[in-house]
Amino acid sequence: MSESEQRFGEYVLVRSHGHVAELVLDRPGAMNAVSTAMARSISAACDALAGDPAVRVAVLTSSNDRAFCVGADLKERNSFTDEELRRQRPVTRAAYTGVLELPVPAVAGVHGFALGGGFELALACDVIVGDATTVVGLPEVSVGVVPGGGGTQLLPRRVGAARAAELVFTGRRVAAKEARELGLVDQLAEDARTEALALAARMAANSPLGLRAAKRALRLGQGLDLRSGLEVEDAAWRSVAFSGDRAEGVAAFNEKRRPQWPGE
């Protein structure tokens, strides 16, 4: 996968870094507030990444120096009729689902504010990297709605039901240090984007088939009883155990060399 850039609509840029694809939220004038147009761009970018076999890991970042994403575009929504809001719902929902259903590992590099739908985009990733500027929260109840991009389901899976309830019901903002302590952010680095890309590169050095199968097992096994979860794991193992990647991985280990993954 060569180094390149591709724009999806006006507000999303995808940069390739070898086998790592960086999805850049690029509406800096609005601190990446998710408008209808931006939601469509996120969905289109995720569809493209999901369909590209050269992509092994995805990273979500921002072009804004103050915010990862501040959530829904409330200025746009203020002009909506009820019917327009109803029509927008599947469009915005598809953006969050697009990130959540990426078949490859996804890392969020959260610099600055990640609020409401912005934090939900991060929660849809597998790992969240922050830095000293990071502030996260789900303030939707303060404007008369609920987290609608997966927050009520993803947050308790991360931090437990009671902690998630406190954060959702208060809508409070959580700064970097506490966010790391509570598990809202997985790592704190000097620079979130730099570390997120470095972490993604370490992941992308591994088998592309193995990465996808491992993510599938992790996601599908959530919430299942142990016996059912182990069946999900076994299915994932069988999907790669007789592959070219497995043969190359074992050969490279024994020959003390770096694998050249066939991806099949």
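This is a predicted model: local features need pLDDT of at least 70, side-chain atom pairs count only at pLDDT 80 or more; totals for chains, interfaces and linings use all residues.

Trainee: What makes S6 and S8 a pair?

Mentor: Two strands pair if DSSP finds at least two bridges between them. Strand S6 (residues 106-110) and S8 have four bridges, in the parallel sense, so they meet the definition. Strands themselves are DSSP runs of E with at least two residues, helices are runs of H or I with at least four, and both are numbered from the N terminus.

Trainee: How do you know that S8 and S11 pair?

Mentor: S8 and strand S11 (residues 187-188) have two bridges, also in the parallel sense, and at least two are required.

Trainee: Which residues of S8 are called buried, and which way do they point?

Mentor: Val127 and Val129 point one way from strand S8 (residues 127-130), Ile128 and Gly130 the other way, and all are buried. Buried means under 20% relative accessible area, exposed over 50%, and partly exposed in between, with a 1.4 Å probe and protein chains only.

Trainee: Why are the buried residues of H6 said to line one face?

Mentor: In helix H6 (residues 161-170), the buried ones are Ala164, Leu167 and Val168. Seen down the axis of H6, they fall within an arc of 95°, so they line one face of the helix. The arc is taken from the directions from the helix axis to the C-beta atoms. On the other side of H6, Ala162 and Phe169 are exposed.

Trainee: What makes S5 and S10 edge strands?

Mentor: Four strands form an open sheet of mixed pairing, in the order S5-S7-S9-S10. Strand S5 (67-69) and S10 each pair on one side only, and these are the edge strands.

Trainee: How is the packing of H1 and H3 described?

Mentor: Helix H1 (residues 36-50) and helix H3 (residues 82-100) pack at about 35°, with their axes 8 Å apart. Axes are lines fitted to C-alpha atoms, for helices over the stretch in contact (heavy atoms within 4.5 Å), and angles run from 0 to 180 degrees between N-to-C directions.

How values were computed
Residues are numbered from 1 along each chain as its sequence is written. Side-chain values use heavy atoms; hydrogens and water are left out.
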